[in-house]
Amino acid sequence: MKLKTKLVLGLSFLFVVIVTFGSLSFYYINRLSNDSKLVLKNNHESLVYSNNMLDALENIQINKGAEGLLENNLRKQESNITEIGEKEATQELRKDFRELLLNPGDSSNYPQIRHSIHIINGINQAAILRKNEIVEKTAEDANFWLTIVFVVLGIITFTFVINFPSVISAPIRALNEGIREIANRNYHKRIHLNQNDEFGELANAFNTMAEKLDEYQSSNLAQLRFEKSRIETIINQMRDGIIGLDTKKNILFLNAVAEKLLGLKEAEIIGKYSADVALRNDLMRKLLQETPGNELKIYADNKESYFNKDILDVTNNGLVVGQVIVLRNITPFHELNEAKTNFIATVSHELKTPISSIKMSARLLEDERIGKLVPEQAGLVKSIMEDAERLLKITSELLNMAQVETGNIQLKLQPAQPGVIVDQSVNAIRLRAGQKNIALQINIPQNLPLIQADIEKTSWVLINLLTNAIKYSPENSPIQISVSQKNNSVEFTVKDSGNGIDEKYLPKIFDRYYKVPGTHERTGTGLGLAISREFIEAQQGTIWAQSTIGEGSVFGFSLQTK
Ligand code: ADP
């Protein structure tokens, strides 16, 4: 049944109750009113006429008009005969009154007239009493039936009032509860109303919607699960260690490689604060230090491996939602690099002896005691000497680099006079500076403190800086070599007026094999400054460069005083 029909029926029922009760009350009130009107009309008026006739009879001797009054009231009484016996009593009265009119002075039939009037009076009084009883009975009936109808209809209406609202409120409550469950993502919720009205239709629509949501969620979940397991598989298959952290640095996941490297199981540390894990795990501590690109040597699985650490921010819509620490396995590159270093070391070492003997032989050829050379021959020998010199420099740089790369720098630290280092270095390059007509301006103050240094390696660095300064300066431009004391260290600087270096290349010039793009000199290896930095830093010193393109460069290093 439709909700509208139910409402119409419910309200119609109430209407029927009101109409029934009202009609019944109206009926009884009407009946009582009619009964009392009848008493008033039929009997009370007759009593009034009787009384008027008695009064007229009393005054008939003294008042001539009393006869007319009596006649008048008798006539009214004759037309108001309503009770049994009243007609006969009235006819009797008429007869007596007629006789009285024939003999107005004769008062002998007065008692007879009075008697007839009293009979009429008595009949009407008795009728009034009787009718009063009937009215009382009717009132009692009305009371009885109205009470019964009131009680019955009252009970029905009360039951109806109690039950009818639930026809509307119960399904609304069920729907409300269902909607709340859906809002809480309980898509299994269904509403069973078993009614064919609008609420039933609403419940069906709700169930269809919940079913669709359920299907959607299941398919979404399945998709998400599939994606998750796919990503997990990829992460676990990788040769790199991967650790995921949330924004609060709690551990979200780690793959099999990371488990092996850390020596921890994922289940043990998942959800834990990474800094807490780092307290008892050295590798985790190193990983959390925010210095990317560090090479880490890790001993795991009975072998040494090399990893490069990268910390990547995971972002979503521009917001950082976590971090991923990637431990890139660089062991194969490391092994190749080691092989390259060994190869370079071996080759440079093997080349050094033959090159030295070529140099020696060329020098012998220059000796006139062996034989005089024609000018062309002397030129060729000179060029052999220069090439051998250059080759020796390259092999020595390569050897030094191999030492640096294998971590085999052997330092002979000793107290040294800065002036001695400068003299040694300047002597080594004086000839070369002379060839380009470059003046060397040396500025060394008196009483410089001794420094703690490896004289040979420090001289090597200074020679390298001076060689570069000559190499990258035009002819006739001076080079300044200065030494000065700075707090607990002594600073060596080499200033040239050469081409200078573009600012953007400056941070890279100390990198291995790096040559500034567009450098005209083709002879360098790009290793000199890299080795210089290693030598100086191995002695706890610092090395730096300043340069302005077109104006020249200043290279400097400082070493601690003894
Ligand atoms: P190289 O053997 O090529 O000189 P270095 O490591 O000594 O290698 O120098 C690296 C690069 O720095 C050079 O290729 C050169 O471009 C630049 N450089 C070094 N010193 C100077 C300088 N005094 N003036 C200009 N450029 C320089």
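Student: Let's start with N447: is this residue buried or exposed?
Tutor: Keep in mind that we're looking at a predicted model. A residue counts as exposed when its relative accessible area is over 50%. N447 has 76%, so it's exposed.

Student: Where in the chain does N447 sit, and what is its phi?
Tutor: You'll find N447 in the loop between β7 (440-443) and β8 (451-453). Most residues other than glycine have a negative phi. N447 isn't a glycine, yet its phi is positive, at about 55°.

Student: What about Q540, where is that one placed?
Tutor: Q540 is another non-glycine residue with a positive phi, near 65°. Its relative accessible area is 56%, so Q540 counts as exposed. As for its place, look in the loop between α14 (528-538) and β11 (542-548).

Student: And S532, buried or exposed?
Tutor: S532 lies in helix α14. The cut-off for buried is under 20% relative accessible area. S532 comes in at 0%, so it's buried.

Student: Which residue has a side chain joined to that of S532 by a polar contact?
Tutor: Leave aside the neighbours within four places in sequence, and S532 is in contact with W460, V461, N464 and I543. The polar contact between side chains spans 3.2 Å, and the partner of S532 in it is N464.

Student: Moving on to β10, how many of its residues are buried?
Tutor: Strand β10 covers residues 489-495, which makes 7 residues to check. The strand is mostly covered, and the buried count is 6.

Student: Which residue of β12 is the bridge partner of V494?
Tutor: Take β10 from both sides. Strand β9 (residues 479-486) runs antiparallel to β10 with 7 bridges, and there V494 is the bridge partner of I481. Strand β12 (residues 552-560) also pairs with β10 in the antiparallel sense, over 7 bridges. In β12, V494 has as its partner F555.

Student: Which residue in the turn of the β9-β10 hairpin has a positive phi?
Tutor: The hairpin leaves 2 residues between β9 and β10. One in that turn has a positive phi of about 50°, namely N487.

Student: Which strands are at the edges of the sheet of 5 strands?
Tutor: That sheet is open, with antiparallel pairing and the order β2-β1-β5-β4-β3. An edge strand pairs on one side only, and that picks out β2 (251-254) and β3 (295-300).

Student: Inside that sheet, which residue of β5 stands opposite D246?
Tutor: Strand β1 (residues 241-246) and strand β5 (residues 319-329) run antiparallel and are joined by 6 bridges. D246 faces β5 at G322.

Student: At what angle does helix α10 run to β4?
Tutor: Helix α10 takes in residues 331-366 and lies across β3, β4 (303-316) and β5.

Student: Zooming out, what is the radius of gyration of the chain?
Tutor: The C-alpha atoms fill a box of roughly 220 × 50 × 45 Å along the principal axes. For a compact globule of 562 residues you'd expect a radius of gyration near 24 Å, but this chain has 67 Å.

Student: How far apart are the centres of domain 1 and domain 3?
Tutor: The chain is divided into domain 1 (3-169), domain 2 (238-327), domain 3 (335-405) and domain 4 (414-560). Taken over C-alpha atoms, the centres of domain 1 and domain 3 are separated by 158 Å.

Conventions. Residues numbered from 1 in each chain as written. Predicted model: local features only at pLDDT ≥ 70, side-chain atom pairs only at ≥ 80, totals over all residues. Heavy atoms only, no water. Helix = DSSP H or I, 4+ residues; strand = E, 2+ residues; numbered from the N terminus. Buried < 20%, exposed > 50% of the residue type's maximum accessible area, 1.4 Å probe, protein only. Polar contact = N/O pair within 3.5 Å; in protein donor to acceptor, adjacent residues only side chain to side chain. Contact = heavy atoms within 4.5 Å. Pairing = 2+ DSSP bridges. Axes fitted to C-alpha atoms, helices over the stretch in contact; angles between N-to-C directions. Domains from an automatic or database assignment. Rg over C-alpha atoms; globule rule 2.2 N^0.38 Å.
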